[in-house]
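Hello,

Here is the structure we talked about. Please open it alongside these notes.

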Number of protein chains: 2
Amino acid sequence: MIPTLSIIQAAHERIRPHVHRTPVLTCQTINRMSGAEIYFKCENFQKIGAFKARGGVNAVLSLSPTELKNGVTTHSSGNHAQAIAYAAGLVGAKAYIVMPRTAPQVKKDAVRGYGAEVIECEPTLEARESTVDEVIAKYGATMIHPFNDYRVIAGQATATKELIEDYGKFDTIMAPVGGGGLLSGTALAAHYLCPTAEVIAGEPEGAADAVLSFKSGRIEKAPYINTIADGLMTNLGDKTIEIIRLHVKDILLTSDPEIIAAMRLIWERMKIVIEPSCAVPFAALLRNKERSAGKKVGIILTGGNVDLGKLPF
Amino acid sequence: MIPTLSIIQAAHERIRPHVHRTPVLTCQTINRMSGAEIYFKCENFQKIGAFKARGGVNAVLSLSPTELKNGVTTHSSGNHAQAIAYAAGLVGAKAYIVMPRTAPQVKKDAVRGYGAEVIECEPTLEARESTVDEVIAKYGATMIHPFNDYRVIAGQATATKELIEDYGKFDTIMAPVGGGGLLSGTALAAHYLCPTAEVIAGEPEGAADAVLSFKSGRIEKAPYINTIADGLMTNLGDKTIEIIRLHVKDILLTSDPEIIAAMRLIWERMKIVIEPSCAVPFAALLRNKERSAGKKVGIILTGGNVDLGKLPF
């Protein structure tokens, strides 16, 4: 069942001791350049460096002792891996994290640093899924999907819940879309707590599947995959597409040069570290300035886990 | 006269409408790694991206209409330049900023962005001072020294005043030392508001003049100048050396590799952008962990104006 307001409220109470109520930053220069009044919800300052801590912790803390007994598992090359490792550590559960062998050593180390076991596989979706299946067969671990899971979605919704609680009504609330877990949570929180706000997503041109799925109502694949926004390459799931079609106003595309420029602008002007996927909604806003002119806009800054040795500028 | 508490309080009231009360951040991972309980006062989020806004605004707003009539001038490789440009703009005065031609392009652009005129010179103290003298002779502008000025020192003191007001007593308060304006203000604020705190400075080995001056009581030059901490290459002035010898406990040296590692650690773990000079006190703390073990330490993070095209990692 699509999470209700009370389910999101319960998720918030559940995760509150384990995640940060992240700060919201504004920047006069960026407001001047964009023509909007923007409030950035800084999930790059969240535990594990990304909003994924919210959904991961809510999902793991929602499991029964029986479900937890044999540990949890997931596949992820990035922030969801760390989120599940972190969440499992909170409840003393074993975590088996399937990661592509090509994932950066620093990310594997981070997951191990939270006490999880990393199981490497070939860097394909098929290999990831079959390896998770093996883990489930061998250990009886409970799978936590990165986005197509209502507990994960309810957890991600708490970022927008906090934003509205702390800064009142918004005209527009923006988030990036990959698998759609954050976007679904954002749309639900806005729907319940600030129903006049339009929820708008940003998506890279080089992973433009959600914009197609949004129109057709079916889970579409991107025409091609080639973007620096490596957190946004996944397709929607059946749960996220339903919520997004119900409660999201629009999905706006943006190019990699625009994403890099938006990322750099935030680093230079706001002095905060954000990852490329995180810059996508702001890049989309800058491409479509007329849509947000004079409006009060909330943007979820999703994460700051970037490889400083491989910056695009 | 060395600024009294009431002079620092008046400076704070004067600048309050024009500068940010900057946030203070903590990081569990960094506390674990350092063995201390560290509160980072984030002046990288300050107006113009550095603490220098405080001293610059206080100095310019303290000038008489006669002193302002022909504009203001200063020489600076970076942040003080922006601070005076910003402050002059607040009162509608002309600003002539002398900058070494080797200063980062992003800093020159920022100064022009505040409406000031940039006058480039050779990157030596002699060239900077003679060029300012020419500006004064030609325009009759009022010189605002970057650090050897009690109004500037009183302004810089307000960062530590806020830190103590917001987070109570500290065992240790740390700041970097270049010309000593911030360090003097830090030491005065601690002396008046938390006299039990030890004030300790960090200085790069590649610009190790203050540590010598601190011992000898005379303004010494560094044995050699070669450091990534480009904001800390200046020598002390007669006003700053007096305050520092009265109220600073120690000056600790740190190497460029240590500065870069400390900077990277703060970027990666705290997701904030700081400039190399800004990482110096934290690098010095990490080199001397035993000194701050178990202590409550405040560190002034001085600024975040870094050239993203020329990162050391």
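Start with helix 7 (residues 125–139) of chain A. Helix 7 lies across strand 3, strand 4, strand 5 and strand 6 of chain A. Its direction runs at about 170° to strand 3 of chain A. Keep in mind that this is a predicted model.

Now the sheet. Four strands of chain A form an open sheet in the order 5-4-3-6, and the pairing is parallel. The edges belong to strand 5 (117–121) and strand 6 (142–143) of chain A. Each has a single partner strand, so one side of each is left without a neighbour in the sheet.

Inside that order, strand 3 (residues 72–75) and strand 4 (residues 95–100) of chain A pair in the parallel sense over four bridges. Thr73(A) has Tyr96(A), in strand 4 of chain A, as its bridge partner. Helix 5 (residues 79–91) of chain A also packs on the sheet, where it touches strand 3 and strand 4 of chain A. The direction of helix 5 makes about 170° with that of strand 4 of chain A.

Last, a helix pair. The axes of helix 1 (residues 5–15) and helix 8 (residues 150–167) of chain A come within 9 Å and cross at roughly 90°. Helix 1 of chain A contributes Ile7(A), Ile8(A), Gln9(A), Ala11(A), His12(A) and Ile15(A) to the contact. From helix 8 of chain A come residues including Ala154(A), Gly155(A), Lys161(A) and Glu165(A). By class, this contact has six nonpolar, four polar and three charged residues.

Best wishes

Definitions and conventions
Residues numbered from 1 in each chain as written. Chains lettered and ligands numbered in written order. Predicted model: local features only at pLDDT ≥ 70, side-chain atom pairs only at ≥ 80, totals over all residues. Heavy atoms only, no water. Axes fitted to C-alpha atoms, helices over the stretch in contact; angles between N-to-C directions. Helix = DSSP H or I, 4+ residues; strand = E, 2+ residues; numbered from the N terminus. Contact = heavy atoms within 4.5 Å. Nonpolar A, V, L, I, M, F, W, Y, C, P; charged D, E, K, R; others polar. Pairing = 2+ DSSP bridges.
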